[in-house]
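Keep the model open as you read.

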Amino acid sequence: MSQEVQQDDRFSRVQATVPLQLRISAIPGAGRGLFVSEAVPSQGLIFSIAKPLLCIVDNSNEALQRTCDNCFATSGIHQTTSRKNLRFGRCLGCEVLSYCCAECQAEAWEHHHKAECAVLSRIRQDPRDKKEKSVTHKNARLLIRLLCLHNAGMIPEQKWDEILGLKTLMGTGQEGLERQVQSLCDLVTSYEVTSLDENVVRQLGHIQYNNNLAMDQPLLRDYLSYPAGNSCVTSGICLEPFASMVNHCCDPNSWWVFNGCEFQLRAIREIPAGEELTISYIGITENFNFRQEMLFHWGINCACSMCKKGPQGPTDGPLYRSLQNIQRLERESVTGCAPLSEIGAFIIDMVDEGGYDIGTWPIRHLYRQIFLTVTRKGNITGALKAWLKLYYVIEVASSPPQLPSERLNSLKKLISLIRTVRRMESPLITEHVKSTLPYIQGYLSRKLCESTEKCFGDVEVAKFEKEQFQMAFGHCAESFDDRARYVQGAKVLLGWARIFDIPESNL
């Protein structure tokens, strides 16, 4: 039996761009699933939820001091807003959460904080908690907020039933999880946070561990230096029952991102009408063994098309032994990288002798090691060559494909490297190659603006990239639209990096 989401009052908070249906999932053992009744374009918005009730700021001191508990604006190293001169102030009641302005503090007070402030303050001031600092732990604060809102009658009965109906891993024998949940139960019992039955509290503890989502937000960051890490920062966790209805797949058709505290589900690829929506609970990786290990902790025996294929990289013989040796060298190295000679020889043996596709695990992982190693040595031209191979060849061939946000980060890193190399005086770069770099940089920067808006929508990060583009190129900004000129220059640059026969569709 199918259920039309838009006709159900329980889900009035969901703003969908296409009709959605709840019905029995096609994934074995998954129960219900969420389906689209109309096609969704690649990277298109599927649905959003403006302000979930349970959005919790991350653990770190920096996050608690420089992330707004209301709008989730973040400043400092992990900047998610272009607003200038933000002055974060801590709540004078609990002295745990911070706010970017008086308006946000007042809004958060009415939305949730008035129910939890006294409890957080009581725990923070208790000498018994000085060492544990339980009040800073995001999972503890999520459960405390949930219970305090319920005590205050601020969770509608229908939504409370939604929460209680979420799946858990209770009784599956996961001892580590049981200890974590027991610690939460002891905390809320010790401070008399709720009068609910102990079994219900335990169930809620399991629910929040099994169903919370990382609040990944796009970073605002120029490309004057190499972007490190991801294109998004995790600013907290969120428990939203409707989002929990989307089931797992290792090769998903959608992914989630947050714009401030707004949850968005977006399409990774074009999704045809009638297809079930899926996300990856463990991130995107080609590594079969890693996926299986992570999914075990979710109680998932995945039977998706990726997992049915089994391991795609070497599993025995000389290549497998070489891979094990590289992994040992990684563990023993201070930098976490194996020697370049070992990596290079393994990749040649794997592709040329073993006949493996260039997108097979662990080639993308190893090329990133090559990039990190040559960058640390100050070999920027070598770093550019490695990243050209990653961006135009390896990432395109990898399966499952990267998230659109990760692909954006790779593009930004490529632009950053090109910008640096074009300003260098080096005998390793011919004048012919160097003459192509300004237009390639401009064309790719324009592509970055367009791709950012397509990836995240017309939000702050998209506007930020447009401003960066205009600042970098001024009145020339509109001239970088000649694809034929870009393709011609890109082929010269790739030839310099000894990368040949790239289809124009990959450029």
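1. Three cavities of 30 Å³ or more turn up in a search of the whole structure. A cavity is a set of points on a 1 Å grid over the protein atoms alone where a 1.4 Å probe fits but cannot get out. A volume is the space filled by probe spheres set on the points, which are joined across faces, edges and corners.

2. This is a predicted model, where local features need pLDDT of at least 70, side-chain atom pairs count only at pLDDT 80 or more, and totals for chains, interfaces and linings use all residues. Residues are numbered from 1 along each chain as its sequence is written, and side-chain values use heavy atoms, with hydrogens and water left out.

3. The largest cavity holds about 110 Å³ of space. Its lining residues (an atom within 4 Å of a point) include Pro 218, Arg 221, Lys 412 and Glu 465. α13, α14 and α15 (460-473) each give two or more residues to this lining. Helices here are DSSP runs (H or I, at least four residues), numbered from the N terminus.

4. The second largest cavity has about 50 Å³ of space. Among its lining residues are His 111, His 112 and Cys 261.

5. The largest nonpolar core has 81 residues. Such a core joins buried Ala, Val, Leu, Ile, Met, Phe, Trp, Tyr and Cys residues through side-chain atoms within 4.5 Å; buried means under 20% relative accessible area (1.4 Å probe, protein chains only). Helix α3 (residues 138-151) supplies the largest share, eight residues. A second, separate core has 70 residues, including Phe 371 and Leu 494.

Technical notes
Buried means under 20% relative accessible area, exposed over 50%, partly exposed in between (1.4 Å probe, protein chains only). On a 1 Å grid over the protein atoms alone, a cavity is a set of points where a 1.4 Å probe fits but cannot get out, and a pocket is an open set with protein on both sides within 12 Å along at least five of seven lines; lining residues have an atom within 4 Å of a point.
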